[in-house]
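Biologist: I am new to this structure and would like to learn how to read it. Please start with the ligand.

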Amino acid sequence: MTAFSTLPLKPALLASVQTLGYAEMTPVQAQSLPPMLQGRDVIAQAQTGSGKTAAFGLGLLQALDADTTRLQALVLCPTRELADQVSKAIRKLAANIPNVKLLTLCGGMPLGPQLASLTHDPHIVVGTPGRVQEHLKRGSLHGGGIKVLVLDEADRMLDMGFAEAIDDIIGRIAKHHQTLLFSATYPDEIRTVSQRVQKDPVVVTVDAPAEQKPAIEQQFIEVEPAHKLDALAQLLAGERGQHALVFCNMRRDVDAVAQELDRRGYSALALHGDMEQRDRDEVLLRFANKSCNVLVATDVAARGLDIVALPLVLSYDVAHDPDTHTHRIGRTGRAGEAGLAITLCTPRERPKAANIEELGGAPLAWRTLKIAPARGKTLRLAPMKTLVIDAGRQDKLRPGDILGALTGEAGLEAKDIGKIDVFATRAYVAIGRALANKALERLRAGKIKGRNFRVRPLG
Ligand code: AMP
């Protein structure tokens, strides 16, 4: 009984599920959807990849009345990246319901355009707590008609200090609403929040069946602090280091490690919470389009990243707590692909490793690494390089125009051109590293869509 058709879903939603090709429900969906559709509160322990977004997406769309122009569902997410992902998923599920209006409202984005798009309340808002709270306070958003509130990655939201904002939001929305709480981990704080904001919730916990569990191989390596960078560089030079995520506990280490790897010939970039949104976006884009092969990040910055199946995740330091460690290693081996998670541990960090071992319930796999003296510069550059064009959708520029300019006049082959991302006022194109200069020269000399735009290399 795991077919979606066994659920009392609106035909439009059943049609979407079919279009998306979901043959049957995932375990989280099978357990959470029936109570959700009855209007019950649900607390579900669910990881990314469990199908949780479709679960609450279907739940809130079922409750939605598109003919009433009122805000009826609010989804709170810890990061903008996750909010964007969730919005996309809900839009797909809502594709067969006419006139559904969904708005994404996140911090780090200018308020003006958000206010402009709020002249009429949307049916659904997906956003980060701080910004949603601000709109409710200002009166630019009205919570009186909210039927469903979703807290996605609730553990992360608490970690990021959003508890107060969430409480304030709940105080500003309709008293009687359904609350759906999703969290990857289940610390006491989550139970407390659930007790505070939910009424008699149905508890859903699902262990991914063994065959669906992504294969993650974990290794711990003891190193002296002075050898950490050499160890890291050596591990990244291995076969799986072509696309790797490195976690550091501290922000200043993120910068230092990225710079040192860059000096040693890697295309490494730093990602941390203090960066401007535009810089963060560019770093993520370059990691996704393969013009950066090592992303060095803090835990906060890496939350909600939409990066699938990384072959290698490295902890430069042992995470301060086992939950954070679990989140780190969960970044590898996704989508059924085998992954490797390696943690560097200095002798002083042994107690933290012991803690992880205790909570994991299985002995850690320690291995030794013979650190070879660095022999000059090991060139490990990413296969692509990114060019930025100072024009975008506002200039009616489309990916096809860029592809056309490069393969036409500039004489490149389609296979040398990677991901093309077009935003409102700028566009990014990944080019095979060896041909990037040629492409740049040609684009500067020629025209795109008959016009001259400024083009420059990134990094
Ligand atoms: P999530 O856990 O929400 O991040 O979803 C992980 C992925 O699973 C997404 O790409 C969904 O499109 C996909 N998915 C969700 N539900 C199903 C389903 N019932 N069958 C197959 N794929 C699904």
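Modeller: A residue counts as near a molecule if one of its heavy atoms lies within 4 Å of it. Here 13 residues surround the ligand, and the closest are Tyr22, Gln29, Gly49, Gly51 and Thr53. This is a predicted model, in which local features need pLDDT of at least 70 and side-chain atom pairs count only at pLDDT 80 or more, while totals for chains, interfaces and linings use all residues. Residues are numbered from 1 along each chain as its sequence is written, and side-chain values use heavy atoms, with hydrogens and water left out.

Biologist: How do the residues of the shell around the ligand divide into nonpolar, polar and charged?

Modeller: Ala, Val, Leu, Ile, Met, Phe, Trp, Tyr, Cys and Pro count as nonpolar, Asp, Glu, Lys and Arg as charged, and the others, Gly among them, as polar. The shell has three nonpolar, eight polar and two charged residues.

Biologist: Which atom of the ligand is 2.8 Å from the side chain of Gln29?

Modeller: A polar contact is a pair of N or O atoms within 3.5 Å. A nitrogen atom of the ligand is 2.8 Å from a side-chain N or O atom of Gln29. With the backbone, an oxygen atom of the ligand lies 2.9 Å from an N or O atom of Ser50, and an oxygen atom of the ligand is 2.7 Å from a polar atom of Gly51. The ligand on its own has 500 Å² of accessible area (Shrake-Rupley method, 1.4 Å probe), and the protein covers 65% of that.

Biologist: What volume does the largest cavity have?

Modeller: Rolling a probe the size of a water molecule over the atoms shows where empty space is left. A cavity is a set of points, on a 1 Å grid over the protein atoms alone, where a 1.4 Å probe fits but cannot get out; lining residues have an atom within 4 Å of a point. A volume is the space filled by probe spheres set on the points. The count comes to one cavity of 30 Å³ or more, and the largest has a volume of about 60 Å³. Its lining includes Leu151, Met157, Ile166, Asp167 and Arg196, and by class it has eight nonpolar, no polar and two charged residues.

Biologist: How many salt bridges does the structure hold?

Modeller: Side chains of opposite charge can pair when their charged atoms come close. A salt bridge is a side-chain nitrogen of Lys or Arg within 4 Å of a carboxyl oxygen of Asp or Glu. The structure holds 27 salt bridges. In one of them, the side chains of Arg426 and Glu282 meet at 3.4 Å, N to O.

Methods
Polar contact = N/O pair within 3.5 Å; in protein donor to acceptor, adjacent residues only side chain to side chain. 1 Å grid on protein atoms, 1.4 Å probe; cavity = no way out; pocket = protein on both sides within 12 Å on 5 of 7 lines; lining within 4 Å.
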